[in-house]
Amino acid sequence: ELSRVPLRMNEYRYTLATVLQAEGKIPEAVTLYQEVLNNDIGYYMAHVRLAGIYEAARDFPKAVQERLNAVNANPDDASLLTDLGVTLGRAGMMPQAETRFQAAYEANPRDVRPLFWLGLAQFDQGKRDAARESLTRFIAVAPSRYERQVTMARDRLAKLQ
């Protein structure tokens, strides 16, 4: 027996846009994501998808703006702050990235990813003591699935000696 799940038009647009993006039809996907947002500015995942597209194209001003839009549309999701921080870091905006990582960690201290990125941002800015503290704290609480990040954190700590 098949059951039907009715999709609203905007959900259909979003789903189609993700399929087009997966097929590499980026301009068509962008158009659909933008149409989704024209109909519902709060559809934060469309902002996330657009940010990913812009970041892949190294269009950091647009990527940062879309990450900000996602945070504004869903301010209770601390992982969006982490994503924004990563994008800011890739754009070379380390002080702003550091601020976002700190906010993400404060909003959800159970998520260790912001600690890792915070330590890297502080390291890149030459904030040795702060980086040492953040990276040491990350290593102490990181689950085993973060082995690669723990190795990177240990490497940065060794450079701080």
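Guide: Leu16 sits in helix H1, residues 9-22; helices here are DSSP runs of H or I with at least four residues, numbered from the N terminus. The model is predicted, so local features need pLDDT of at least 70 and side-chain atom pairs count only at pLDDT 80 or more, while totals for chains, interfaces and linings use all residues. Residues are numbered from 1 along each chain as its sequence is written, and side-chain values use heavy atoms, with hydrogens and water left out.

Leu16 is partly exposed at a relative accessible area of 32% (buried is under 20%, exposed over 50%, partly exposed in between; 1.4 Å probe, protein chains only). Together with Met9, Tyr12 and Val19, Leu16 forms a nonpolar surface patch of about 370 Å² accessible area. Such a patch joins nonpolar side chains (Val, Leu, Ile, Met, Phe, Trp, Tyr) within 5 Å, each residue having over 30% relative accessible area and no salt bridge.

Now the charges. A salt bridge is a side-chain nitrogen of Lys or Arg within 4 Å of a carboxyl oxygen of Asp or Glu, and the count is 11. Glu11 pairs with Arg8, closest N and O atoms 3.1 Å apart; Glu11 is partly exposed at 24%, whereas Arg8 is exposed at 61%. Arg132 and Asp129 form another salt bridge, 3.0 Å from N to O. Because they are 3 residues apart in helix H8 (residues 128-141), about one helical turn separates Arg132 and Asp129. Asp129 is exposed at 59%, and Arg132 partly exposed at 27%. Glu55, Arg67 and Arg90 are linked in a salt-bridge network.

How values were computed: Patches are made of residues with over 30% relative accessible area and no salt bridge: like charges are joined within 9 Å, nonpolar side chains (Val, Leu, Ile, Met, Phe, Trp, Tyr) within 5 Å. Accessible areas come from the Shrake-Rupley method with a 1.4 Å probe; for residues, only the protein chains shown count as cover. Helices (H or I, at least four residues) and strands (E, at least two) are DSSP runs, numbered from the N terminus.
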